[in-house]
Amino acid sequence: MTLFKQMALALSLMIITILGSVMIINYQTAKEDMVESLYQSTVNNISSLTNKIAQTAGEPAMITSIIDSEFDSGYYKRIEFVSNDNSFHYKQEDNEPIEGVPSWFISFADIHLQAVTADVTSGWSIIGKLTVEADPAIVYKALYQTFTKLFYLFVIFVSIALVLLSIMLHFILKPLKRIQHQAEAILHNEFVIETEEPYTTEFKEVANAMNAMVKKVEEIFNKANEAAQRNRELLYNDPVTKLFNRRYLMLKLPELIQLETKNEGGSIMLIALSGAEVLNKQLGRKDADQFFYELGTLFQQECQHIEENIIARVNGTEFTLMLPDCESYMSESIARNIYEDFLELAKKYELDTTDIYINIGIYRYRPNVTISDLLTRVDNALTQAKADERQYVYIYEEDHHNALPKEQWRAILEESIEKNYFSLNFWPTMDAKTKTINHKVMTFTIDGGEDKRFYYGEFIAPAINLGLVGKMYLVALKELLSIQHPELDNTICSIRLSNEFLKDKKAFDELSTLFYLYAKKLNFTLFFEVADSFASHNTATVKGFVDLFRKYNFGFGINSFTGESNDFNYLKELNPEFIKADVSFLLDQTQESMNSLEVITKSLGIEIIASFVKDEKELKALQKLNIYKVQGPITDSF
């Protein structure tokens, strides 16, 4: 129960008790006064009545007439006369129910009036005994009217008091509400500073303490963020060109080769600068470094329209441009633009392009290529470009004939979507500390018979090209949400959403409908994963999906984390429950980089999961970094 409700309840009970006590006292006082007043009236009336009867000298007819006349006045419940010798007895009594007063009030009031008895004398002789009992109906009616008025006044005063109490408590506890929102914001990784100072001394101290804590947490995050950026630059950036270095390129190549693209792969470009010695001698070191910086900037400008591109300086005179989803003609156009830009740059620095020039080798790769083959073939392409004096660019592309043409892929995918040929597979995530598995990653394949079985990597590119990614994911998700999966009981199941699916304008509304229909009776906890590079560059888009996930109590995580972003504030905004990073990336970090990453993740409540862990050696190295959640072949041994 909230503090507001507790205080409101306590003060309300106190107010009701006080007003109720006043009401009861007034009621009891009124009741006693009425009963006493009626009793005194009865005493006075019996005196007058005995005098009238005394004058009758005991004549029964006259006594009867006097009693009837007096009783008809309506102030008596009972008048009874008994002669002294018991020869004459006359009684008038009203046993009619009381009108205008509810029976429950009669039972509640329970008024008992005392009968008054007096002797009737004529001269010195007693002629009889007279008993008079007043009619309580008068008291009941008057008391009921008083009770009704008191009750209405009680209700009015209580209502007014409670309204005033509510307004007063809202005003007094308003700072506490702001402090509560401030604490909730911290849980959502939002660092809110409360500028309005509470009037109440105790609340003022709490607000100041909260502000100090928020500033401290934000300062820790910002310092860790800055340290991570510095360490990343030192570890993965070339100090002269500010491009990535060979170390980072080798970490990213496995991910980029397998990246989901329309063109099933992409192009890799190797650019070599000849005449570096002449360049340094002619310009001097400072201007030569500036030349290399501007050359690197040219590469970035020409490749900025290629998503997920990586541009790295692999040694002093060679640059590698990794261009996913880039066909040969596109890469050739980029290469020609780069060459023209180089000529302009050389002209700016007054360099002789017969002594200082560049050669460009391009290899059009497919997803199934190995890193070794990729680098060997692009190096061969560069060698060919250097060997042929007539051309500065050489493109090497192997003959590649897709076994299935576009229309056949369309037929397969549309049939799989219509008839749901998708087969769900769940890959485990292990907690190395407890040796348990409570987190599984969902993938799906097409299983439509002997000639219609395809792995995800085989059909994702055609699906992207044909614009069927959204429908494909929705069918697979519907099967996950609408069908019981015993292997997922009381576990976490996560599914990686394709970048193309997230870009689909209809995806959000279709997911909303799917969640509304099927998300209420899951036997597991569902998480959705988004690639780090997509999340860092499309934070607003991802935030919309994250809000949708959390509306239905679904979790959110980031995969393929490489810390590519220059600012980790997007993690604070998206607030993922976990990030997944390749084991090679994690083990490649310096101690300072890991410390910064650990501070960032702990301050935001993010768990680190290592992926593609192959053996015990890597597992032990991860444990030294306090990373225990792992995915990959290592899980098969447990």
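Strand S6 (residues 266–274) and strand S8 (residues 318–324) run antiparallel and are joined by 7 bridges, where strands are DSSP runs (E, at least two residues) numbered from the N terminus, and two strands pair if DSSP finds at least two bridges between them. Within this pairing, Ile271 stands opposite Phe319 of S8. The two strands belong to an open sheet of 6 strands with mixed pairing, whose order is S5-S7-S8-S6-S9-S10; its edge strands, S5 (244–245) and S10 (393–397), each pair on one side only.

Across S6, S8, strand S9 (357–365) and S10 lies helix H8 (residues 328–348), which runs at about 170 degrees to S9. Helices are DSSP runs of H or I with at least four residues, contact means heavy atoms within 4.5 Å, and the angle, on a scale from 0 to 180 degrees, is taken between N-to-C directions of axes fitted to C-alpha atoms, for helices over the stretch in contact.

The second largest pocket has a volume of about 550 Å³, the volume being the space filled by probe spheres set on grid points that are joined across faces, edges and corners. A pocket is an open set of points on a 1 Å grid over the protein atoms alone, where a 1.4 Å probe fits, with protein on both sides within 12 Å along at least five of seven lines, and lining residues have an atom within 4 Å of a point. Of its 24 lining residues, Phe244, Glu308, Asn309, His537 and Glu564 are the closest to the centre. The largest share of the lining, 3 residues, comes from H15.

Residues are numbered from 1 along each chain as its sequence is written. In this predicted model local features need pLDDT of at least 70 and side-chain atom pairs count only at pLDDT 80 or more, while totals for chains, interfaces and linings use all residues, and side-chain values use heavy atoms, with hydrogens and water left out.
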